[in-house]
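Please read this note with the model open. It covers pockets first, then the nonpolar cores.

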Amino acid sequence: MKRIEHHACFGGWQNVYQHESNVLGCQMRFSVFFPPQISERRLPVLYWLSGLTCTEQNFITKSGAQRYAAEQGIVIVAPDTSPRGDDVADDPAYDLGKGAGFYLNASKSPWALHYRMYDYVVSELPCLIETHFGVTDRRAVSGHSMGGHGAIVIALKNPGRYCSVSAFSPIVAPGQVPWGIKAFSAYLGEDRSAWKEYDTVELIKNAKEPLPILIDQGLNDDFLTEQLRPQLLQDICAEIGYPVTINLRPEYDHSYYFIASFIESHISYHAKAMQK
């Protein structure tokens, strides 16, 4: 593992690392924000999963999250969104291939060789973080858009592993929207029963632990009605009594201006849950 960026930030450090991933079979990058309290004690970790086309850079340069993480004393880890490298399969479109890993384990060629972002985020990356940095095993997970999908799915599939989960503008029903249908068809094949393993609306029907979900969604989001469809999640949660809070924000869109406007409340939400 090699540190390739090191910046003083709100009394702490914003770093970026590069390492060889055994799970993905390629070099990967991830960012870590260390608040100043890391010099005094072990701290909990919030994992942030970014959306389509993003890398480890988007969140750390646009969200303003470091200020609030420094106030609350939590580490933030933000991985890349897909495997990378000349040998990694890709597609000319922005919503498939590099930058569009969808936080699942692909089972179909040519994607299965490298596209195992689910295992990377759930197992390999936390092991690396908890082994080499001064953190506890108290974890939370959040994300945006495709990353919001990943965060909620990962939390639902791993009861007890995360203290809290939240999302901005998540894809809640990938099996019912164009982004998800395209990606799942390529990565998982045409058997839609396999898709249910990575679909929030489907997973929540059989959730073993009622971990509350916090969501912020802009009502001026260009992808709201076709790709995101939060009402599908609201409906199933109301039907089975699953705890979810969906804050609908008038005039806000899908951008990092939206995330930066409400990231403080999400950081506080996770800090409270992890510091209990």
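The numbered points below go from basis to pockets to cores.

1. Basis. This is a predicted model, where local features need pLDDT of at least 70, side-chain atom pairs count only at pLDDT 80 or more, and totals for chains, interfaces and linings use all residues. Residues are numbered from 1 along each chain as its sequence is written, and side-chain values use heavy atoms, without hydrogens and water.

2. Largest pocket. Its volume is about 220 Å³. It has 14 lining residues; Leu52, Thr53, Cys54, His144 and His254 are the closest to its centre. The lining splits into 6 nonpolar, 7 polar and 1 charged. (A pocket is an open set of points on a 1 Å grid over the protein atoms alone, where a 1.4 Å probe fits, with protein on both sides within 12 Å along at least five of seven lines; lining residues have an atom within 4 Å of a point.)

3. Second largest pocket. Here the volume is about 160 Å³. Among its lining residues are Lys157, Glu197, Glu202 and Lys208. By class, the lining has 4 nonpolar, 1 polar and 4 charged residues.

4. Largest nonpolar core. It holds 70 residues, and Phe30, Val32, Val77, Phe102, Ile129 and Tyr187 have the most contacts inside it. (A core joins buried Ala, Val, Leu, Ile, Met, Phe, Trp, Tyr and Cys residues through side-chain atoms within 4.5 Å; buried means under 20% relative accessible area with a 1.4 Å probe, protein chains only.)

5. Second core. A separate core of 24 residues includes Ala69, Ala70, Ala78 and Phe168.

Methods. Grid points are joined across faces, edges and corners, and a volume is the space filled by probe spheres set on the points. Ala, Val, Leu, Ile, Met, Phe, Trp, Tyr, Cys and Pro count as nonpolar, Asp, Glu, Lys and Arg as charged, and the others, Gly among them, as polar. Buried means under 20% relative accessible area, exposed over 50%, partly exposed in between (1.4 Å probe, protein chains only).
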